[in-house]
Every structure is written in structure tokens, then in C-alpha cells.
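Student: Please take a close look at one part of this protein, the surroundings of the ligand, and describe what lies there.

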Amino acid sequence: MDDDPSERPPASAPAGGLEAAAVGLARAWRGMGLLRSARTLPRLNQERGFDCPGCAWPEPEERSALEFCENGIKAVAHEATRERIGADFFAQWPISRLAGQSDHWLEAQGRLSEPLWKPPGADRYQPIAWDEAFARVAATIRALESPDQAVFYTSGRTSNEAAFLYQLFVRELGTNNLPDCSNMCHESSGTGLSEQIGVGKGTVGLADFALADLILVIGQNPGTNHPRMLTELERAKRRGCRIIAVNPLRERALVRFAHPKDPLSLLGRSTPIADLFLQVRVAGDVALLKGWMKELLALEAERPGKVLDWDFLREHTEGFDALRDELERTPWPEIERSSGIARAEIRRAAELYAAAERVIACWAMGLTQHRHGVANVQEVMNLLLLRGMIGKPGAGPCPVRGHSNVQGDRTMGIWERPLPGFLDALQREFGFAPPRRHGLDTVATIEGLAAGRVRVFFGLGGNFAAATPDTAFTERALRRARLTAHVATKLNRSHLVCGEEALLLPCLGRTERDVQAGGPQFVTVEDSMSLVHRSEGSLEPASPGLRSEPAIVAGLARAVLGAKSRVPWEELIADYDRIRERIARVVPGFREMNRRVRRPGGFVLPSGARSRHFETPSGRAGFRTHPIPRLDLTPDQLLLMTVRSHDQFNTTVYGLDDRYRGVRGDRRVLFLHSADAAARGLEEGARIDVKSHFAGAQGPETREVRGFRVHCFDLPRGCAAAYFPEANPLVPVASFAEGSRTPSYKSIPITIARARE
Ligand SMILES: Nc1nc2c(c(=O)[nH]1)N[C@H]1C(S)=C(S)[C@@H](COP(=O)(O)OP(=O)(O)OC[C@H]3O[C@@H](n4cnc5c(=O)[nH]c(N)nc54)[C@H](O)[C@@H]3O)O[C@H]1N2
Ligand SMILES: Nc1nc2c(c(=O)[nH]1)N[C@H]1C(S)=C(S)[C@@H](COP(=O)(O)OP(=O)(O)OC[C@H]3O[C@@H](n4cnc5c(=O)[nH]c(N)nc54)[C@H](O)[C@@H]3O)O[C@H]1N2
Ligand SMILES: [Mo]
């Protein structure tokens with residue numbers, strides 16, 4: 001492979017270490033001050049504390065006194081900042097001028113502190129009373145011809161309680177238009193796994209990481225996005241577990257890691273992570289996995305009965321013969337060309353896999369955000385099924401979730417395609433008939449807004465305009481709306497891309513105390529491994545003008561649905577235990593939720609697949625075959641993936657550095673192999689314009705971003721990387737995964753040229 005050591009990230013130092021601890025604490029200090037840091041951080045991820053608003057990686061049973069990571073601290077410091085913006089700020093800043101500021105600047109202004117309204121025709125937000133704000137949304141929604149003209153987006157930070165009330169309100173209103181960030185995230189995992197094993201979630205828990213003897217980390221950058229996962233990987237390595245990383249970028253934390261809390265890291269102790277690093281081409285995973293399985297079958301032929309798990313295959317699976325035939329037909333040259341990995345290396349991966357007894361496969365956005373995202377996920381599952389790596393200790397699939405409660409929101413019914421059983425249960429509990437027709441997902445929402453079919457956009461958290469594909473198109477679409485409204489903690493791009501009328505409803509964050517009529521409340525979340533637990537903030541709210549997300553949803557529901565609603569909104573909000581009683585009666589697995597969530601550590605949701613009871617139509621786990629995707633790039637095109645830096649949480653940019661990849665002070669960067677740069681007459685640091693290419697329904701389409709800078713990096717020839725959300729204008733809204741409709745954020749054909757001015 002193209003493995004020129006001069007292109008390795010400049011520092012060969014491990015990821016993590018004292019530097020990570022120091023950066024984290026400095027950020028806490030700068031953001032919150034010393035006292036607030038001292039009051040907040042020790043409660044982060046503790047039994048009676050609050051759940052980290054960062055990623056969805058679970059907390060270990062035995063928690064240390066300080067259970068958080070550098071990037072968790074950044075997320076907390078960001079929320080718990082002492083900066084505030086209110087009426088004065090918005091009187092000074094018209095929306096059109098705010099729109100000229102960077103995303104980084106917008107969020108840095110501080111916490112929103114009171115409800116705001118932009119009247120039709122105005123260019124400024126002005127204060128508005130809560131009841132009046134709700135009345136405005138209600139009047140607009142009531143004036144619609146159909147509730148399907150409104151959409152209700154959710155970002156994955158929302159608690160179970162808020163999410164449950166939100167979908168309840170939306171369904172009583174009469175629509176399933178509940179797009180969420182999951183549509184852009186692990187939808188391909190949910191779709192792929194549901195088909196194959198009858199459940200759209202992973203089947204392993206943290207305890208399994210202590211048992212595995214091989215862990216695959218595919219299309220995931222845990223050093224940045226799930227730093228606490230590295231603790232598990234490091235522990236696993238120290239007891240002899242092997243790790244295979246599959247990634248086009250030689251991410252530093254996948255190579256070597258030093259634990260920030262390990263005193264010996266001061267003396268330079270660090271742990272090599274990947275035993276084998278498969279530097280796959282972007283979008284080359286289907287080919288690689290096919291090669292991997294082909295070699296596995298070859299090993300089985302050499303040692304019959306010793307490699308595949310025949311008992312498992314016979315008892316629990318279907319479709320093996322079709323898979324074997326398809327693998328036999330797939331030629332090696334195509335596998336090597338598409339994956340960019342030599343057969344000998346793939347053989348090595350197969351040998352490591354065949355020698356292991358308990359294997360976990362972890363993956364994230366590197367697999368899901370492609371046109372063939374579902375195929376990627378299903379090929380990983382195929383690989384696991386061949387050796388019965390599911391439903392036994394230390395083995396199974398582990399899609400590592402993004403937002404801290406994105407998995408819980410889905411469990412609570414935030415989904416545009418709800419299952420009939422869920423709707424039946426809602427109907428039994430609340431006595432109204434929920435709509436049965438499917439609603440709009442994220443892509444369909446953008447298309448609906450653009451076509452004028454969707455008139456109201458309501459966002460419970462998130463940053464829809466910046467997180468979605470096709471920025472220019474999406475912004476135009478949002479501006480066509482009659483009303484846009486957002487529940488948020490901080491100002492972001494979406495709040496400046498307004499419909500005719502706009503509302504900004506400021507809410508409490510995770511770190512803050514939530515007191516309702518019945519006294520102090522806590523909420524619950526579900527982590528990436530199906531563990532449901534409580535979260536309770538302790539800080540004084542950023543402003544007395546804030547409301548909790550459940551209270552905002554209830555206020556809105558009362559205003560919109562009026563007296564005819566079957567739901568006692570006020571009663572539910574006074575004491576969140578009452579919301580949980582309803583959840584317990586509606587959502588499977590939540591029986592006695594109030595009692596069980598008060599137990600130390602919470603409770604784990606049941607899953608049939610974990611004990612090899614596959615809830616598929618046949619009761620068996622199914623192999624699924626897919627052709628190797630054809631990319632049809634022209635010789636001058638590169639395949640672009642968009643990734644996160646070490647200093648952002650999705651669209652929230654904390655800073656302009658990406659320490660582990662050697663980038664300082666700039667986010668308009670294009671990572672490129674030095675030979676690909678040279679072939680285009682470009683040098684390190686050259687200013688370039690980037691054009692994407694897409695075969696649209698009406699013919700070829702191009703999109704452009706300008707003024708990027710070349711950064712030569714260790715990645716395969718023909719591939720490129722840039723940061724999300726800066727590169728989102730390049731992603732066509734109509735380019736998404738087959739089956740899951742997840743935007744193909746990680747396979748965008750581009751060409752580049754020296755910047756025009
Ligand atoms: N600090 C921090 N934590 C976060 C987030 C954050 O922004 N900041 N975001 C949260 C969210 S919502 C999510 S979904 C997760 C995201 O977590 P990740 O999925 O780790 O995030 P990405 O940066 O999108 O990067 C994915 C990785 O996939 C690789 N990749 C890209 N294309 C391919 C491919 O074709 N094949 C393979 N094998 N690999 C590929 C990239 O090189 C990169 O290392 O993190 C969550 N946690
Ligand atoms: N090009 C490209 N695009 C991508 C991706 C990619 O890899 N590449 N990844 C996709 C993925 S995986 C995801 S999950 C989406 C993320 O899409 P979103 O979830 O929509 O975006 P976020 O940036 O996570 O949302 C940040 C905003 O949430 C608000 N917020 C923070 N905390 C709270 C809270 O407690 N309550 C409320 N109400 N609001 C809060 C703040 O105002 C902040 O501005 O982006 C997707 N977009
Ligand atoms: Mo995500």
C-alpha cells in the first residue's frame with residue numbers, strides 16, 4: 001500500500017496521555033471557571049450525577065471518581081459557560097448580520113436566556129412570553145390543511161421523557177413526521193441489522209469487552225469521538241486481546257494510546273492499539289469484507305469443521321449457501337482494486353479472525369454514510385454470523401452510537417416509520433388513534449420544504465440547516481417555510497435560516513437543576529449498549545427564563561391540541577415519574593421503570609438476539625449478499641469523506657485545531673495523499689476550490705466550496721477527507737444510502753483545482 005512514512009501524522013506520539021487531560025481541564029477552566037468546574041466535573045457520569053452530553057459510550061459499573069474524557073469536558077464546559085445572550089444582544093444584532101458570523105462565533109456567544117420571536121418580515125429576534133410563543137406555533141399549525149404539512153425534528157441529546165412526550169404530541173396531532181439525527185447517523189445500522197437479526201441495535205455490553213479476544217474497529221475514530229472506548233481497548237490489549245482497525249486514515253489513537261489517568265503515561269507508557277491496520281480505500285469495505293470471508297472459507301477448506309461454526313449456521317441462520325456462491329463468484333482482482341488492500345493482508349485478517357473465540361465488531365459513520373451503507377453493515381454481520389459471533393459472552397455486533405441519547409429517542413418512538421405494535425400500545429394507553437401512514441425522514445423533509453409541501457419546521461435540539469446535506473439547497477428550502485421554531489441551548493446556524501416567522505425556545509441543559517411543581521426532577525437516557533439510567537443536573541439554570549424540554553413539549557401540546565387532547569399534560573410534567581409510568585406501559589422492556597431506574601446503574605433492555613432468539617420472520621439470522629459497489633469515478637476524481645475534528649461536537653465547533661491529525665487553526669482543509677497533490681501540481685498548504693459531481697435525475701450536477709487548503713496525509717491514493725459541516729454544501733440531497741436513506745456524507749466524488757483568486 002501507499003505507506004510513505006513521511007506522510008504519517010507529524011507527531012508519532014500516542015493519542016491521549018497527559019496532554020488530553022491538560023487540554024480538557026484548561027477548557028473547563030476557561031469555559032466555566034474554577035468553582036463551576038469543581039462543582040460540575042465530579043458529578044459527570046456518576047450514579048447521582050448527570051449523563052455526559054457528549055457521546056453514547058456507556059459508563060463502567062465500577063466508576064472512578066472522575067469518569068469523563070477530554071471531549072466530554074469540552075461538551076460540559078460548552079453548556080455550563082457563564083456567557084448569556086438575551087434581548088440586548090438580539091436588539092444589537094440583526095439576523096442578516098449574525099448570518100455573516102462563523103458557526104464557532106455563534107455558539108461562543110453564550111447560552112440563550114429567554115424565548116425569542118422573529119415576526120414575519122422582520123430581520124431581528126425580539127423577546128416573547130412563553131405562552132404567546134406557544135400560541136403562535138399553535139395558530140400556524142391549526143391553519144394548516146393537514147398535520148402532515150408540519151415536521152418535528154429531534155436531535156439525539158433529548159431525554160427519554162422529553163422524546164416520549166414529543167412523539168405523543170406529534171401523533172395525537174395526526175402525523176408521523178418525526179425525522180431525527182439518526183436518519184443521518186446509524187440508520188443504515190438499524191436497517192441492516194433489523195433485517196438480519198431482528199433488532200436494529202448492538203447486542204454486546206461493556207462486560208463483553210472484558211472477554212473478547214479480538215475486537216474489530218471499522219470506520220470509527222474512537223480517539224476523538226468515543227474517547228472512553230479507548231480505555232476498554234487499552235485494557236483489552238493489556239490482557240492479550242487483538243485489535244484490527246479498518247480505516248482509510250491512519251488515526252493516531254488507533255495506532256497508539258496513553259491513558260490520561262495512568263500515572264505511568266507521564267513516563268511515556270503507552271499501548272499500541274491495532275495489531276493489524278487495514279488502510280481500506282474510502283467505500284472499499286464491502287470488497288474488503290468479501291475478501292475477508294472468502295479467505296475464511298479457504299481456511300475452512302484447509303481445516304474442515306474447524307473455522308466456521310457449523311452448529312450455529314445450521315440451527316440459527318439462513319442464506320449461507322447464497323453467500324458462499326456469491327463469494328466464490330467474486331474475483332480477487334476486483335476485491336483488491338476496490339478495497340485497496342492486498343490479498344496477503346486480507347489473509348492475515350482472516351487468520352486472526354479464525355484464531356479468535358470471542359469477537360466484537362465495532363463500527364460507526366465510516367460504514368453507514370455511504371450509498372451502500374446498509375450493505376457495509378450487513379457484510380460485517382455476515383462475517384460475524386459465519387463464526388457464530390453473536391449471542392455468546394464476549395462476542396457480537398456493536399454499532400457505536402453518536403449522540404448521548406440517540407438510541408433512547410428511537411426506543412421512545414421518535415421514528416417516521418413506527419412499528420404497528422408501538423402505535424397499538426399508544427392507542428391502548430391514551431385512547432386516540434395514532435396515524436398509521438409513514439412520515440417524512442430527514443431527506444424527505446428537505447425535499448418537502450423545497451417543494452412547499454412542508455410549511456412548519458419544529459426542531460427539538462440540533463442544527464438541522466448545518467448538519468444536513470446540500471447546504472445551499474436546504475437553506476433555501478427552510479426559508480420557504482411559514483414557520484421555523486427551535487428548542488435550543490445556544491445560538492446556531494439553523495436559527496438564522498428562518499421561515500417567514502421564527503421562534504427560538506431556550507431550554508435547560510443536562511448539567512442544570514430541573515424543578516417542576518412536584519419538586520426536583522431527573523430524566524433518563526439509554527446508552528449505546530441498551531442500558532437505561534438516570535441523569536440529574538445540579539447547576540443553577542443559566543437563566544430563570546428557561547424551561548425543561550419536557551415542559552416545553554407539554555406547553556406546546558396544550559396550546560396546539562387544546563382541550564380535546566387525551567393526555568393530561570400538566571399532570572405529567574409536574575412529576576416525571578408519571579411520564580415514566582406511561583412509558584412503562586407503552587414501550588417494551590420498561591416494566592417498573594421508576595423502580596428499576598433508581599437502582600444503582602439502571603437497567604438493561606432485553607434483546608432476543610443477545611440469546612440467539614432472532615425476531616425475524618423465520619426466527620433465523622439471515623445472511624445478505626451485495627455486489628461490490630461500482631463507483632465509476634473518472635481518472636481526475638477523488639472520493640471525499642467528511643469527518644469530525646478533535647475539537648468539535650458535530651456542528652458545534654469548539655476550536656480550530658485537530659491535534660491528532662496535525663492541523664492547527666484551520667478547518668477549511670482537504671486531506672490528500674501527497675502523490676495525488678503532486679499529480680495536480682499542488683503543494684502542502686496550496687489554496688484550492690473543491691467541486692463535487694453527481695448524476696442527478698435531470699443530468700450532471702456540480703457543487704462547489706472555495707478556499708480550502710491542501711494538507712498531505714497518510715491515506716490511500718484517490719481518497720480525500722474534509723471536515724463536517726464545512727464540506728456539507730458538496731453533498732447532494734439526493735445522494736443517500738439505499739434502504740436507509742442516510743446521506744452519503746462519506747463518498748462524494750470531487751475534483752480539485754488551485755483556488756481561482
Ligand atoms: N468529540 C466528539 N464526539 C462525538 C461526536 C463529535 O462530533 N465530537 N459526534 C458524535 C456522533 S453524532 C457520532 S455519529 C459519532 C461519530 O463517530 P465516528 O464515526 O468515529 O466519526 P467520523 O469523524 O464521522 O469518522 C468516522 C471514521 O470513519 C472513517 N471512514 C470514512 N470513510 C470510511 C470508509 O469508507 N471505510 C472505513 N472503514 N472507514 C471510513 C474516517 O476516516 C473516520 O476515522 O461520534 C459521536 N461523538
Ligand atoms: N457532512 C457530514 N454531515 C453530517 C455528518 C457527517 O459525518 N458528515 N454526521 C451526521 C450525524 S452522525 C449526525 S448525528 C448529525 C447531527 O445533527 P444534529 O443533531 O442536528 O446537530 P448537532 O450539531 O449535534 O446539534 C447541535 C445543537 O444542539 C443544541 N443543543 C445542545 N444541547 C442541547 C440540549 O440539551 N437541548 C436542546 N434542545 N438543544 C441542545 C445546540 O443549540 C447546538 O447548536 O449530523 C450529520 N451530518
Ligand atoms: Mo451521529
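**The shell around ligand 1**

Tutor: A backbone N or O atom of Gln-648 lies 2.7 Å from a nitrogen atom of ligand 1, a polar contact being a pair of N or O atoms within 3.5 Å. This is a predicted model, in which local features need pLDDT of at least 70, side-chain atom pairs count only at pLDDT 80 or more, and totals for chains, interfaces and linings use all residues. Residues are numbered from 1 along each chain as its sequence is written, chains are lettered from A and ligands numbered from 1 in the order in which they are written, and side-chain values use heavy atoms, with hydrogens and water left out.

A nitrogen atom of ligand 1 also has a backbone N or O atom of Val-246 at 3.2 Å. From a side chain, a polar atom of Lys-746 lies 2.8 Å from an oxygen atom of the ligand. On its own, ligand 1 has 920 Å² of accessible area, and the protein covers 99% of that (Shrake-Rupley method, 1.4 Å probe).

There are 31 residues around ligand 1, and Asn-247, Glu-251, Asp-285, Gln-648 and Asn-650 come nearest; a residue is near if one of its heavy atoms lies within 4 Å. By type, the shell holds 13 nonpolar, 14 polar and four charged residues (Asp, Glu, Lys and Arg count as charged; Ala, Val, Leu, Ile, Met, Phe, Trp, Tyr, Cys and Pro as nonpolar; the others, Gly among them, as polar).

Domain 3 (187-399) and domain 4 (638-754) each give the shell at least three residues, with domain bounds taken from an automatic or database domain assignment.

Technical notes: A polar contact is a pair of N or O atoms within 3.5 Å; within protein, one must be able to donate a hydrogen and the other to accept it, and residues adjacent in sequence count only if both atoms are side-chain atoms.
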